[in-house]
Amino acid sequence: MQVMIIILKNETLLKDISQALVECGIFETSILDGEGIESSVYQGNPVFSQLQGLFGRELPYNRTIISFIPEPEMLTDFMTICRDSKIDFSQPDTGVVMSFPCSFYLGPDDSL
Amino acid sequence: MIQLSQYINSETLHVIEESKHDDVLHRLISMALPDYPQQVHDRAFAEVAAKGDPRKIHLGNGFALVHARMNDFNQIGLALGLFGQEIKVFKGEAVHTLLCIMIPVNMSRTYMTLLARVSRFFSNPEVQAAFASADVDAIIKHTFEFDAV
């Protein structure tokens with residue numbers, strides 16, 4: 001069992017990623033609105049807000065996707081589909097994906 | 001991951017001569033549920049033919065599907081009707097391929113997974129061309145290639 005987190009910077013990819021999750025049978029998923037750390041620090045600090053104006057960067061909002069993955073091959077399948085769908089997490093504007101082991105899960109039987 | 005070849009193969013692909021809505025549905029339902037009695041076919045037909053958009057879905061690129069969720073069976077039944085040309089089977093765009101999918105009530109998630117996989121499969125222009133020309137051999141070849149990735 002694993003938990004996967006995607007911090008998706010390119011929100012236009014959300015539909016393809018959601019479809020990939022469903023295609024792999026990964027249903028225990030929550031999609032949250034998020035913002036990058038830069039956004040938070042710009043707003044709270046007059047020095048950093050000046051830097052934002054200097055660099056002209058847009059506030060980095062993102063979608064954070066948290067998924068429970070019951071079987072390891074589901075993660076492999078998901079990454080394969082992302083690759084085939086040209087979703088490339090090595091590109092700077094796509095986002096990041098990570099997973100870590102899950103030692104405990106409790107939910108209704110039909111959720112798996 | 002679901003193997004598409006389990007659902008799209010020589011037993012589920014059918015070249016359809018009929019063009020009338022009811023005739024097409026009757027034929028595909030009987031092929032999607034080959035091991036079930038006529039009463040089940042009739043109930044499935046009533047379910048699919050009932051007025052209402054959710055049971056008939058245009059998928060784009062010449063594909064459409066009809067489906068029904070029922071308690072009468074315990075596995076997903078599927079049949080694909082290939083018209084070999086674009087025809088108007090029901091309201092909306094003309095289609096060259098009609099999927100008929102019968103879903104047990106307790107397999108909704110499996111169905112969603114299957115649909116997601118089928119949608120990605122159908123997005124390939126070579127696959128679209130194979131279905132549009134009702135080329136069963138090419139469709140089966142593409143299905144195996146898709147599963148092999």
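Trainee: What should I know about the ground rules?
Mentor: This is a predicted model, where local features need pLDDT of at least 70, side-chain atom pairs count only at pLDDT 80 or more, and totals for chains, interfaces and linings use all residues. Residues are numbered from 1 along each chain as its sequence is written, chains are lettered from A in the order in which they are written, and side-chain values use heavy atoms, without hydrogens and water.

Trainee: How many helices and strands does chain B have?
Mentor: Chain B has 5 helices and 5 strands, counted as DSSP runs (H or I, at least four residues; E, at least two). From the N terminus the order is β-α-α-β-β-β-β-α-α-α.

Trainee: And how much of chain B is buried?
Mentor: Buried residues make up 50% of its 149 residues, with buried meaning under 20% relative accessible area (1.4 Å probe, protein chains only).

Trainee: Switching to the interface, what area is buried between chain B and chain A?
Mentor: About 1,100 Å², with 57% from carbon and sulfur atoms; that is the accessible area (1.4 Å probe) lost on putting the two together, summed over both. Met1(B), Arg109(B) and Arg120(B) supply 55% of what chain B buries there, more than any other three residues.

Trainee: How many salt bridges across it?
Mentor: The rule finds 3, taking a side-chain nitrogen of Lys or Arg within 4 Å of a carboxyl oxygen of Asp or Glu. One of them joins Glu28(A) and Arg109(B) at 3.0 Å, N to O.

Trainee: Which helix gives the largest share of chain B's side?
Mentor: Helix H3 of chain B, residues 108-122, with 7 residues.
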